[in-house]
Structures are given as structure tokens and as C-alpha cells.
2 protein chains.
Amino acid sequence: MFNEMNFTCPPPPGYKGKVQMGHGGGGRMSRKLIRELFIREFKSASLMEEHDGSIVTVDGVRLAFCTDGHVVSPPFFPGGDIGSLAVHGTVNDLAACGARPIAMSSAFVIEEGFPIADLERIVRSMAAAAEHAGVEIVTGDTKVVEHGKGDGVFITTSGIGVIEHEPAPTPRNVKPGDRVVISGPIARHGLAILSIRDNLMFESDLVSDSAPLWDLVSRVYAAGIKPRCMRDPTRGGLAAALSEIAELSATSITLDDRAIPLAEAAKNACEFLGLDPLFIANEGLMLFFVAADDETLLLETLRSHPRGTQAAAIGRVDSGDAGILFVEAEPGGRRAIDIPAGEELPRIC
Amino acid sequence: MFNEMNFTCPPPPGYKGKVQMGHGGGGRMSRKLIRELFIREFKSASLMEEHDGSIVTVDGVRLAFCTDGHVVSPPFFPGGDIGSLAVHGTVNDLAACGARPIAMSSAFVIEEGFPIADLERIVRSMAAAAEHAGVEIVTGDTKVVEHGKGDGVFITTSGIGVIEHEPAPTPRNVKPGDRVVISGPIARHGLAILSIRDNLMFESDLVSDSAPLWDLVSRVYAAGIKPRCMRDPTRGGLAAALSEIAELSATSITLDDRAIPLAEAAKNACEFLGLDPLFIANEGLMLFFVAADDETLLLETLRSHPRGTQAAAIGRVDSGDAGILFVEAEPGGRRAIDIPAGEELPRIC
């Protein structure tokens, strides 16, 4: 049976045995729910990989297959909207599997009363994002729920991509000695959403980094680099993504705090809001794990691409302390990062 | 621009320019929204086929790819739940494309406060349904929205199948002279849902027909029959499915009213509720369009399978009156069926 008592964070009064916001937050609670309910019951070897997508082999063709629900609130934000975000999220999950995006689906759950003009704006934005990313939206579905039974529009997208390079990258391939590289500055998407929330309005020119990354990733492969693992650090930010990979690869990861790219505006916003940028969602970044020998070429390759000009080497993989993520503010002075149980920033994607 | 004025059914006051329940109902309004917004903007040749799924060719392998959002209310009903329904819906959309189901995804949008025991029951039901149908749930996602911003649980599933027989069935292949065969008695799913809705409680032993149909369809192929088209008549029932196929194939379809299988309990419930069983959703039925010469063998084949014992030949395809669905109560006395603009039975799937 699903063991509620195992939650590290006790549920608030009245929510014992009930789903909480934190179960969808990308932190420890959601990881636990996924492992102890979905992975346990569905018994899929692919699910157990806990990657951004799954590898499915059909008649010898190696496909990546992924899905994501999008419930971002509000649906329009600086730098994008729920439609472009849904396309980028799917393209990037496929890219993180080393897969060239081929086709995607979109399923809308719309609340009765949602303005058709807004729906049209979202659909057009999806179409433009798909065309830009080189992926075709080939199938879809539309459901409508009564006013008050939804929240504007939710969009679930799934994607199929083709894996062109073996071995396919996966968290379990990460090895001690590997280097961690990020393709650009962190925390932009989450801060852009927060900047326009009614209850958290603050002055900023922060814009979401939401963008498709297959073109960037394909340039890495074209340079002859085969990343051991890639991941787009969305919900839970850089810290949740790295912590999960440390767990799955039974390694520890140490980040060099000073090397992590962070724009001045983002840094200021985080200080103003009391947030750690390591936990804030990104929607246009890719994390790469590569052999130490590939690090220099990877950085050169990423920096030659418009989406990777600020790429940086930010950490290393070690044996021992399996599953722990460290941050090093100065050489020799590292501290373990505690991943939040629940949700710091609800409905960011 | 999206032309609201073209709706045959004028929106109710206060809902002009807004999404209405009918936009998700499977009738003329939802068909119009899909064509004039999604298909127009996404510009996909596959979407234009308006089939239950799309055909995607990857490195010479012919795949079917489909998606469906599930918002059925209540989530538990006689004969199934939202979890088993989501699996069957996906398997049957693939089967209607002539595709053997390979892998599926499941994306949950859960309302804060939903009982974890209910979630567990749904996930277990999905796992059992997937195992029974021979499909693996390989990837997934979980999002949580605030209490009052959702309605229990919504599940979007997508599926990948492999097409083993060419040509793949599609509505545009239907030709004058073809015969229409249904695999069993109609209207069971919709009536089972209505039977337990608070506001429509009535005595009945009606049980949803929700079931996976690939095994039945594969037996048809094994018998050497290549259906021109298949479709599972869900939202909008038999009438909406047939009307859409008549439109897409530029034919007319004439149903023999007395030949359509309908259980006594379903007939009585429809009379009690004032509903036409032709418009009521099914979740375990397949419609077949075959050449006249194949009709007898198809019926024999279907009736040899546990899910097809009550299969019946119910109609024929004619040239002329393109896009019109007729029902014939007695030979020579046929009337055109008017497909409802909006939603007769909201949130049935």
C-alpha cells in the first residue's frame, strides 16, 4: 500500500492522505509519489530510468517518447505562454534523451468561459513554436470542463523523437570524474512567472528563457561529443535535477557556486524574494554530463551557438556520498544542498 | 481570425467569444473548433485526416500516434474508472488506426486535496488495464493544481502503435458500396455514467462497455480482412462518428435502425431520460467499414471473439448526399440525422 507515513515532510492538518501541492513540485515529495505509486504500479523498466523521456524500440528503430502536462499560471508571461512552453518542454525532453523531435500531440482541457481569443493566441503560439523547433503537431484532443472545475487551460503534450546516436544519454550513465556543464544563465523562467503574479508583483525586466534546444544539442553531437546524460532543469531548478541524477547514478555532484551563470537582474530578484536561484525553474537550459576530456570542446561548441553563448562548466561528479548534491562557495568549503520536500513555486510550468 | 459568427448554434448570453461546454462535446461545435482553429493553425497533413490517431513514418517504420484527455465525472463508475478508461481509450484509438499498441504515456493533473487512496486505486486500475491490453506505460508526468482549480483528477494518455497492415484504415478510404458493421450493443458507457450522476440518479444495472479492442481488431486482420476504416464511437456516440466519416469520405451513410444492437435496459433508460442512444458514448465498441464482399466474413470473425458476440451489420455507404447520415426505420423510409451542435452529456470521458 502507498505508505503516507514515509513522507519526510508531514502533511499539513487536513491533508493527511490527500494530494498536496508539493506532490507536483519536483522536490522530494513528488519524487516519492512517482516512485512509490506510479513506478511501483506501472512496473515499467523505462519508467524506472526516471529520465525526461523513455526509449522505445520499434522494429529496430530507437524512439524517445515523453509527456508533460502544463498548468502554468498565468498562461501568458514575459517571453512566452503556455502554448510555446508546452512545445519547448516536449522538444527539450526529447533532446535530453538525445532524440531529434519528429512529432508531437497536444491535448487541451479548457475551462468553460475561457476567451476564444486567448485560446487562439495560445494555439498560434504553439504552431509558431513547433515550426521554429522543426516538430509537427500531428494529433490532438479537446475537452471542456465546467466553469470552476478547471483553471483557464491545461495543455498536455507528448512527443516522439528518433535517437540518432548511441548510447542514448541517461542518468545512470553518469560516472565519477564526469564534468557538469550548463548551457546558460539559470532561474529566468521561474522569476519571469513570479514577476507577473498578482500577489508577488515586483519590478523587473526578467523574461523566461523558454526555448527549444534540439538545435543546440545536435551541434554537440555533430562535434563528436556523446554526452553521458542530459537534462533540462525545469521544476525544482538546477538543484532538483542534479540531486535526482546524483541519486540515480549513485554518485555525488559538487557545484562551483561562483561558476554558475546568473544574470544580475535574476540575482537581485532572488535576493528581494528570498529565493535560492538553484531551485528556480528553467525552460531553455540544458545540463550536460560529459567525460572530463570532452569538457573544453563541449564549452566551445555550446558557445558557438546563439543559445549557448554563456555556457559554463559548473561542477564535477565524484564517487562516495552517493545521491548528495554539494555546493562549493570556495575551494574545499562545500555544503550539502537540502532539496525541498514540497513546492516552493507552484504552477511554474 | 476565428469566426465565432459561423457557429450554427449561437452562444448563450455572456458566452459569446468564450469556450462553451459544447466545444468539447464531439458534436458540430467541437468539430468546427478543431477545424477552424487547431487544424488551420497547426497545418498538419496528419491532423487534416481527422482520424482517431495520426500515422508517423520514422526510418521506414509506420507508427500510429494518438492522444486523449480524460475528464470523466465521476472518476469511478460501473464497469471502470478514469484510469482504465484512459488506457482503453488510447488502445482503441490505436486499434482504429490498425495499429498494435506498443507504449503509452500518462500525464496526471490532480486537484490539491484529492484522496491519495483514490489516486492509488486509479493508478492500479490503469496498470491492470495496460497489462490486460498488452501495452506498457513507459513515461508520465504529475502536476498538482490548487483546490478549486481542477476537479479531482484529469488524465491525458498518448499512445504509440505499429501499423502491421497496409493500407492503414482511414475515413477518407470509405467508398460507396461499403458496409458498416458494429462490434456490439451501443450506448452502454454514457448510460453507466449517467446512472450514477447525482442529478440524474436512476435505477439500472447498466455497466460501461469500456474495454480494449486491439485483440478483436487483430483477429479481423488475421482473417484476411483489411477494413477501409475503423473508429471507436466515443463522445457523440454512433451518430457523431458516422456523420464525421460521411463528411470526410464525401459519401452518405444509411443506418438500418432495427439492426443496431441495443440492450433492453439501455433502451429503457434512454426512453426514461429522453435520450437518443445513437448520440450516447461507447468505450468498448469498434465501427468497421468494409467492402460488401467482406461483410459476412467480418461478422463471423467478430462473433467468434468474446467482445464481438453481438456484432451486427448496421448500414451501407452510398454516393450522393455527401456528408449526410440517414436512419432507415423501414425499407425506403429514411430520415437525415441532425448532429447536435453542442454537448448533450458533458464529461462522459
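Contact here means heavy atoms within 4.5 Å. By that rule, in this predicted model, 82 residues of chain B are in contact with 83 residues of chain A.

The size of an interface is often given as the accessible area lost when the parts come together. Chain B and chain A bury about 7,100 Å² between them. Of this area, 69% lies on carbon and sulfur atoms. Charged pairs also occur across the interface of chain B and chain A, where twelve salt bridges are found. In one salt bridge, A:Arg40 is joined to B:Glu120. The closest N and O atoms of A:Arg40 and B:Glu120 are 3.1 Å apart. Polar contacts between chain B and chain A link 28 residue pairs, counting residues at pLDDT 80 or more.

Helix 1 (28-42), helix 2 (45-48) and helix 4 of chain B each supply at least two residues.

Within chain B, five strands build an open sheet in the order 1-2-7-5-6, with mixed pairing. Strand 1 (54-58) and strand 6 (136-145) of chain B stand at the edges. Each has a single partner strand, so one side of each is left without a neighbour in the sheet. From one strand to the next, the twist averages 20 degrees. Strand 2 (residues 61-70) and strand 7 (residues 153-163) of chain B pair in the antiparallel sense over eight bridges. Here B:Asp68 has B:Thr157 of strand 7 as its bridge partner.

Two helices of chain B lie across strands of the sheet. Helix 4 (residues 116-133) of chain B lies across strand 5, strand 6 and strand 7. Its angle to strand 5 of chain B is about 175 degrees.

Chain A also holds an open sheet of five strands, ordered 1-2-7-5-6 with mixed pairing. Its edges are strand 1 (54-58) and strand 6 (136-145) of chain A. In chain A, strand 2 and strand 7 pair in the antiparallel sense over eight bridges. A:Ala64 stands opposite A:Gly161 in strand 7 of chain A. Helix 3 of chain A runs at about 30 degrees to strand 7, and helix 4 of chain A at about 175 degrees to strand 5.

Definitions and conventions:
Residues numbered from 1 in each chain as written. Chains lettered and ligands numbered in written order. Predicted model: local features only at pLDDT ≥ 70, side-chain atom pairs only at ≥ 80, totals over all residues. Heavy atoms only, no water. Pairing = 2+ DSSP bridges. Helix = DSSP H or I, 4+ residues; strand = E, 2+ residues; numbered from the N terminus. Axes fitted to C-alpha atoms, helices over the stretch in contact; angles between N-to-C directions. Buried area = accessible area lost by both parts, 1.4 Å probe. Salt bridge = Lys/Arg side-chain N within 4 Å of Asp/Glu carboxyl O. Polar contact = N/O pair within 3.5 Å; in protein donor to acceptor, adjacent residues only side chain to side chain.
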